[in-house]
Amino acid sequence: MEEIGALMQGFSVILTPMNIGLMFVGIILGVLIGVLPGLGGANGVAILLPLTFTMSPTSAIIMLSCIYWGALFGGAITSILFNIPGEPWSVATTFDGYPMARSGQAGAALTTAFTSSFVGAFLAVVMITFLAPLVAKFALKFGSPEFFAVYLLTFCSFVGMGKGSPFKILASMALGFALASVGMDTVTGQLRLTFGQPELMRGFDFLIAVIGLFGIGEILLSMEEGLKFSGKSAKIDPKVVWQTWKQLPKYWVTSIRSSLIGIWMGITPGGATPASFMSYGLAKKMSKKGARFGTGEMEGVVAPETAAHAAGTSALLPMLALGIPGSPTAAVLLGGLLIWGLQPGPLLFVEQKDFVWGLIASMYLGNIVGLIVVLSTVPLFASILRIPFSIIAPVIIVICAIGAYTVHNAMLDIWFMLGFGVVGYLFKKLDFPLAPLVLALVLGDKAEDSFRQAMLVSQGDVMVMFSNPLVGGITTLALVLLFWPLISKALTVIRKPKKPDEFAVERPVD
């Protein structure tokens with residue numbers, strides 16, 4: 001196989017003491033970036049990009065990509081321990097990861113998240129290694145109708161497969177769409193719902209909303225419950241990694257399904273955030289324990305983490321093969337390649353073969369190094385829950401405030417964060433789901449842009465959503481998921497066995 005030989009050449013390029021050292025440095029920096037809410041992998045890579053200008057392109061891309069892997073791993077830490085997503089794609093991890101931590105299973109939740117992240121990223125790298133040409137051609141087929149169909153599929157899966165009242169889910173999602181529409185219309189340039197306030201021109205940033213809804217909202221609930229962690233007395237056994245690994249193989253179907261979803265969303269590119277939400281929704285629907293999702297199910301951590309890392313890793317493929325970044329971090333890395341004098345695209349695999357395959361080889365080693373680093377520190381992270389809440393709560397609030405402020409360097413964002421915190425508190429008290437609101441807030445404007453562009457291209461013909469087998473298939477699947485509760489009830493009625501005497505004719509008595 002030509003790919004195997006090229007990959008071995010890539011390993012020979014990167015296996016130097018300096019490059020391996022840069023991997024460890026990048027992973028550690030990335031974990032710290034992922035832990036800090038509001039910073040994010042893209043911002044972290046952008047901030048540290050100037051440090052790599054004196055390095056060779058291969059060493060520089062290895063360090064920056066490992067920062068990316070570290071941020072992917074680190075985003076799960078605060079999500080599980082404090083219900084504060086360090087990264088947008090870690091929101092779905094909080095649904096079951098945080099309940100596990102509160103019930104004394106913080107070590108198991110962290111081990112599950114880190115291992116699932118590694119599996120998703122590893123399968124995505126294998127895909128990049130062998131399917132790069134075919135995948136690049138497939139990505140070119142996606143236009144605005146296909147993108148909107150993917151977003152529609154994500155929204156419909158939440159409505160049709162969501163747990164609880166569908167009316168509450170729709171109400172929460174409608175509020176998210178309303179918040180997403182605030183600011184400047186990207187199609188016409190008009191201002192919407194700004195009420196004459198210039199600060200609202202940029203809209204509500206997703207990270208600020210997430211920090212408030214989950215972080216501040218959870219602190220308010222904890223204060224009401226008595227300023228304590230439910231899992232603080234749990235003893236962290238150093239053997240928890242091995243014990244968790246023994247349980248993970250039974251979720252292999254979920255891992256493979258979530259990896260495929262993530263790879264698809266990373267290439268198209270849909271992104272890691274919708275991939276994690278979609279994977280979580282499908283896992284909840286297809287699992288035998290789906291009704292217990294949200295209460296601390298290990299499978300509820302496996303699904304979103306696997307999909308998010310598969311999407312985050314596979315997003316580098318269109319960046320290398322086509323020069324089209326599949327994620328914000330990939331866009332920053334694209335800028336780095338241009339600064340180093342490398343032009344991404346099909347010719348990059350021919351003209352800079354050592355660089356490309358060195359980068360792909362570093363993905364294998366970088367994920368292994370990342371898994372070793374984060375797993376070796378599981379007891380350290382999990383032991384944070386032993387700290388009294390009266391001490392850790394002010395620290396969390398300060399970190400949240402710093403994260404909110406650094407997004408736009410604006411004091412107003414801190415007030416927005418506190419406002420979203422109150423909304424998150426009220427939603428939890430009234431038993432309204434937060435996930436649909438967050439999903440609509442992060443994807444609402446993108447879905448609107450894709451839909452309006454599709455309508456412009458088709459001159460207002462809605463049937464453009466069925467104009468080819470690809471977009472038609474995705475749209476049909478979305479509609480099936482939307483009405484799945486009604487469809488499942490209808491199928492149940494049809495399959496319901498009839499009573500034996502239901503249609504029996506009473507015989508006359510002689």
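Predicted model: local features only at pLDDT ≥ 70, side-chain atom pairs only at ≥ 80, totals over all residues.
Residues are numbered from 1 along each chain as its sequence is written, and side-chain values use heavy atoms, with hydrogens and water left out.

**Overall picture**

- Of the 510 residues in the chain, 56% are buried (under 20% relative accessible area, with exposed being over 50% and partly exposed in between, using a 1.4 Å probe and protein chains only).
- Take the contacts with a separation of 6 or more: 78% of them come from residues 24 or more positions apart, a contact being heavy atoms within 4.5 Å.

**Helix pair α4 and α5**

- Two packed helices are described by the angle between their axes and the distance between the axes.
- Helix α4 (residues 57–82) packs on helix α5 (residues 91–102) at about 55°, with the axes 6 Å apart; axes are lines fitted to C-alpha atoms, for helices over the stretch in contact, and angles run from 0 to 180 degrees between N-to-C directions.
- α4 and α5 are therefore oblique to each other (under 35 degrees is roughly parallel, over 145 roughly antiparallel, 65 to 115 roughly perpendicular, and the rest oblique).
- The crossing of α4 over α5 is right-handed, that is, the near helix is turned clockwise from the far one by less than a right angle, with anticlockwise being left-handed.
- On the α4 side, S79, I80, L81 and F82 meet T93, T94, G97, Y98 and A101 of α5.
- The residues of this α4 and α5 contact split into five nonpolar, four polar and no charged (Ala, Val, Leu, Ile, Met, Phe, Trp, Tyr, Cys and Pro are nonpolar, Asp, Glu, Lys and Arg charged, and the others, Gly among them, polar).

**Helix pair α11 and α13**

- Helix α11 (residues 252–267) and helix α13 (residues 299–314) cross at roughly 35°, and their axes come within 7 Å.
- Here too the handedness is on record: α11 passes α13 in a right-handed crossing.
- Residues making the contact include S258, G262 and G266 of α11 and A303, A307 and A311 of α13.
- By class, the contact of α11 with α13 has seven nonpolar, eight polar and one charged residues.

**Two buried spots**

- A303 sits in helix α13 and is buried, with a relative accessible area of 0%.
- Leaving out residues up to four places away in sequence, A303 touches T254, S258, S279, Y280 and A283.
- L320 belongs to helix α14 (residues 316–322) and counts as buried at 1% relative accessibility.
- C-alpha to C-alpha, L320 and L348 are 7.4 Å apart in space, though 28 residues apart in sequence.

**Positive phi in loops**

- Most residues other than glycine have a negative phi, and most peptide bonds are trans.
- D431 is not a glycine, yet has a positive phi of about 65°; its place is the loop between α20 (412–429) and α21 (435–458), and D431 is exposed at 57% relative accessible area.
- Q459 also has a positive phi, near 60°; Q459 lies in the loop between α21 and α22 (469–482) and counts as exposed at 76% relative accessibility.

How values were computed
Helix = DSSP H or I, 4+ residues; strand = E, 2+ residues; numbered from the N terminus.
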